Amino acid sequence: MAITEADVRGALTRVKFPGLSRDIVSFGFVRSVTVSDGNVAVEIVMTTASPTAGEVVEREARRVLSELPGVREVTLDSKVHAPQGAPAEQAPRDLLPGVRTKIAVASGKGGVGKSTVAANLALALRQTGSTVGLLDADIYGPSQQLMMGCTDKPMVSPEQKILPVDGHGVKVMSLGFLMDADTPVIWRGPMVMKALQQFIEDVDWGTLDYLIVDLPPGTGDAQLTVTQQVPLDGAIIVTTPQDVALIDARKGLAMFRKVNVPVLGVIENMSTFVCPHCGKSSEIFKHGGGRRTAEQLGVPFLGEIPIDPAIVVGGDAGTPIVVSHPESAAAAAFAAVAAEIAQQVTGH
Ligand SMILES: Nc1ncnc2c1ncn2[C@@H]1O[C@H](COP(=O)(O)OP(=O)(O)OP(=O)(O)O)[C@@H](O)[C@H]1O
Ligand SMILES: [Mg+2]
C-alpha cells in the first residue's frame with residue numbers, strides 16, 4: 001500500500017523531544033509533510049536553546065522514516081531557531097545549574113488557583129521523594145511565603161547566596177520575602193523585573209529534581225519577561241471550567257510558543273464540588289472545559305482539581321491541602337497530576 005501523510009506523521013510521533021517524553025508532532029514542530037511516490041519530504045521547525053536538540057531530532061526523524069515500509073527517499077528540511085532574546089550563536093548560560101527540571105505554572109487570568117496548584121504540585125512531587133523548590137515569581141502579588149507557611153526570612157550563606165526557606169520539605173523562595181507589602185504595585189513591574197534575573201542567580205537552590213515557578217497571572221509583557229529570564233523546561237496552564245477560559249488558555253499557549261517553552265498540559269481547577277454533607281457531586285462552574293480546551297489546543301489534559309473549602313483554609317493557614325488532608329479527593333488529584341508530570345519529564 002502506498003505510504004500516506006498520516007503514516008509519516010504517525011511515525012514521527014515516535015520522535016521525542018530530547019529530555020522530554022513528548023513527541024515533536026504534538027509540540028507542533030512538524031510544519032509540513034509531503035508524500036509522493038514513496039518520496040517523503042518533511043519540514044521541521046524548532047525553537048530551542050539547546051545546541052544539540054536539533055541534531056538529535058533530525059537523526060531520529062530520519063531513522064523512523066527510513067524504517068517505514070514503502071519509503072524510497074527522505075528529505076528533511078529542519079530549522080532550529082534560538083528563543084527570542086537569546087543570540088543564536090551563543091548557548092545561554094545556565095542560571096540554575098543544580099536544578100534538573102524547571103516548570104512554570106501559568107494562567108491566562110488571575111484568581112484561577114495558579115498559586116494553589118503550584119504549591120500543591122510542589123508538595124505532591126516532594127511526597128514522591130523528589131527534591132523540590134518553589135519559586136514565586138509573581139511580581140504583582142507573591143503569595144507562596146504565606147501559602148507554604150514560611151514564617152522565617154531567608155538567610156544569606158557565607159558565599160553571599162540567598163538560602164531558600166523550608167516549607168513542608170520544599171525549598172521556597174518568593175519575591176514576597178524581599179518586597180514590602182506596601183510597595184506600590186506600579187513600582188514593582190520595572191523595578192522587580194530588572195532585579196529578577198539577578199535574584200534567580202543569587203539563590204542557592206542546591207540540587208533539585210524540580211523547580212516549580214509560580215508566574216504572575218496573565219500573558220502580557222511581564223509574564224513573557226519572566227519566562228525569558230527563568231530557563232524553563234516546560235509549562236502548565238491552569239484554567240477553570242468555563243468556556244471563556246479557553247481564550248485565556250490559548251493566549252498562554254501562544255506566549256510559551258513564542259519563547260519555545262513546551263506546554264506540558266492544562267489543569268482544570270475548581271472543577272466539580274463534592275458536598276461534604278451528602279457526598280453528591282455538583283458542577284458549579286460546569287465541568288470538562290479544561291479537557292476540551294486541552295484537546296482544542298492540542299496539548300495533554302493533566303487532570304481536574306475539585307472545589308474544596310479545605311483548599312482555601314489550607315492555603316490561608318500555610319498548610320496546603322496535600323499536606324493537611326492527604327486523603328482528600330483534591331490531594332489525590334494533585335498526586336495524579338504530579339505523576340503525569342514526572343512521567344512526561346522523565347519518561348517513567
Ligand atoms: N480547587 C479549589 N477549591 C476551592 N478554593 C480554591 C481552589 N483553588 C483555589 N482556591 C482558592 O481560590 C483563591 C485564589 O487562588 P490562588 O491564589 O491560588 O489563585 P491565583 O491564580 O494564584 O491568583 P492570582 O492571580 O491572584 O495570583 C484562593 O483563596 C484559593 O484558596
Ligand atoms: Mg497567585
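Which strand does Leu134 lie in? Leu134 sits in strand 5, the stretch from residue 132 to 136. Keep in mind as you look around that this is a predicted model.

Is Leu134 buried or exposed? Leu134 has 31 C-beta neighbours inside 10 Å, so it counts as buried; the cut-off for that label is 20 or more. Setting aside residues within four places in sequence, Leu134 touches Ala118, Ala119 and Ala122, along with Gln144, Met148, Val170, Val172 and Ile212.

Now over to ligand 1. It has 20 residues around it, and the ones that come nearest are Gly110, Gly113, Lys114, Ser115 and Thr116. Helix 3 (114–127) and helix 10 (309–317) are the elements that give two or more residues to this shell. Sort the shell by class and you get 10 polar, seven nonpolar and three charged residues.

Last stop: a pair of helices. Helix 8 covers residues 245–258 and helix 9 covers 289–297, and they pack at an angle of about 40 degrees with their axes 10 Å apart. Angles between 35 and 65 degrees are neither roughly parallel nor roughly perpendicular, so helix 8 and helix 9 are oblique to each other. The crossing of helix 8 past helix 9 is right-handed. On the helix 8 side, Ala245, Leu246, Ala249, Arg250 and Leu253 make the contact, meeting Gly289, Thr293, Gln296 and Leu297 of helix 9. By class, that contact has five nonpolar residues, three polar ones and one charged one.

Notes. Residues are numbered from 1 along each chain as its sequence is written. Chains are lettered from A and ligands numbered from 1 in the order in which they are written. This is a predicted model: local features need pLDDT of at least 70, side-chain atom pairs count only at pLDDT 80 or more; totals for chains, interfaces and linings use all residues. Axes are lines fitted to C-alpha atoms, for helices over the stretch in contact, and angles run from 0 to 180 degrees between N-to-C directions. Helices (H or I, at least four residues) and strands (E, at least two) are DSSP runs, numbered from the N terminus. Angles under 35 degrees count as roughly parallel, over 145 as roughly antiparallel, 65 to 115 as roughly perpendicular and the rest as oblique. A crossing is left-handed if the near helix is turned anticlockwise from the far one by less than a right angle, and right-handed if clockwise. Two residues are in contact if their C-beta atoms, placed from the backbone, lie within 7 Å. Ala, Val, Leu, Ile, Met, Phe, Trp, Tyr, Cys and Pro count as nonpolar, Asp, Glu, Lys and Arg as charged, and the others, Gly among them, as polar. A residue is near a molecule or strand if its C-beta atom, placed from the backbone, lies within 6 Å of it. A residue is buried if 20 or more other C-beta atoms lie within 10 Å of its own, exposed if 12 or fewer, and partly exposed in between; C-beta atoms are placed from the backbone.
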